Every structure is written in structure tokens, then in C-alpha cells.
Amino acid sequence: MRRKGIRALKMELASLEARLREAERELGNERALAWGLLNAFDDPVFIKDRSHRWVFVNDAACQLWRQPRENLIGKTDHSVFPKEQADGYWEKDDLVFETESPLLSEEDQTIAGRLHTISTRKSI
């Protein structure tokens, strides 16, 4: 009786593992589609995690900031912008994380040594 129980559990575990692999594959396909769509935008688009690290930047953001994607992914605003600017971006990010409400604003951003004013829309 005990062997039959263990065998049934092993079969159930194998089934669950197969379903998990399929779900991971589907998620990967959906993520690739989403990244492709976001990358097609002419406007800079980036996605940060709650630790303020960039997990996605589209081609337009890379062109604007004059940085290759591999120099940005996993980094934060403090890696690219002056401290005062990066601190301000983090304050606004934190407000959006806390309220879960979109925030439209104009922000100063230094790009290649020149100060620009950009319009931003931040959302969860």
C-alpha cells in the first residue's frame, strides 16, 4: 500500500513539473512579445523593479541616454544621472509605488553633459 502511495505521488509530481515547464515557456513567450512591443515605441520606455533597478529599457531609451542596453539593465538612475536628479527620480518612483497611482511630471535630466527637461509618466 505504501509503495502505491509513493508511486502515485511521484506521478503527480512529474505531472506538476511538466505543467510548470509549460507555464514557464508560455510566460517567456508572453514576456518576449511584451518586450518587442515596448521596444517598437519611438518614445523611451523603461521598467524598474521596486529596488529601482532597470529590468527593461527600449531602444529609444538607449538612444536618448547614449548607452547600450547591457550598460543599463540591472543598474539604477544613480549609475547614469547626477545624484540630485537620481534622488528626485527615486522620490517620485517611491510615491508611485506607495500610492499605486500614475504620476505625470516634468523632470530635469542631464544627458551627455546637457540639461534637458523631459515629460514623464510613471505608473505601476
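Modeller: W65 is buried, with a relative accessible area of 7%; buried here means under 20% relative accessible area, exposed over 50% and partly exposed in between, using a 1.4 Å probe and protein chains only. This is a predicted model, where local features need pLDDT of at least 70, side-chain atom pairs count only at pLDDT 80 or more, and totals for chains, interfaces and linings use all residues. Residues are numbered from 1 along each chain as its sequence is written, and side-chain values use heavy atoms, with hydrogens and water left out.

W65 and F81 make an edge-to-face aromatic pair, 5.5 Å centre to centre with 80° between the planes. For Phe, Tyr and Trp (its six-membered ring), rings pair if their centres lie within 6.5 Å; planes under 30 degrees apart count as stacked, over 60 as edge-to-face and the rest as tilted. This pair links distant parts of the chain, 16 residues apart: W65 sits in helix 2, F81 in the loop between helix 3 (69-72) and helix 4 (83-99). Helices (H or I, at least four residues) and strands (E, at least two) are DSSP runs, numbered from the N terminus. F81 is buried as well, at 5% relative accessibility.

Stepping back, five aromatic pairs turn up in a search of the whole structure. Ring pairs join W65 and F81 with F46, W54 and Y89 in a cluster. Within it, F46 is partly exposed, its relative accessible area being 33%.
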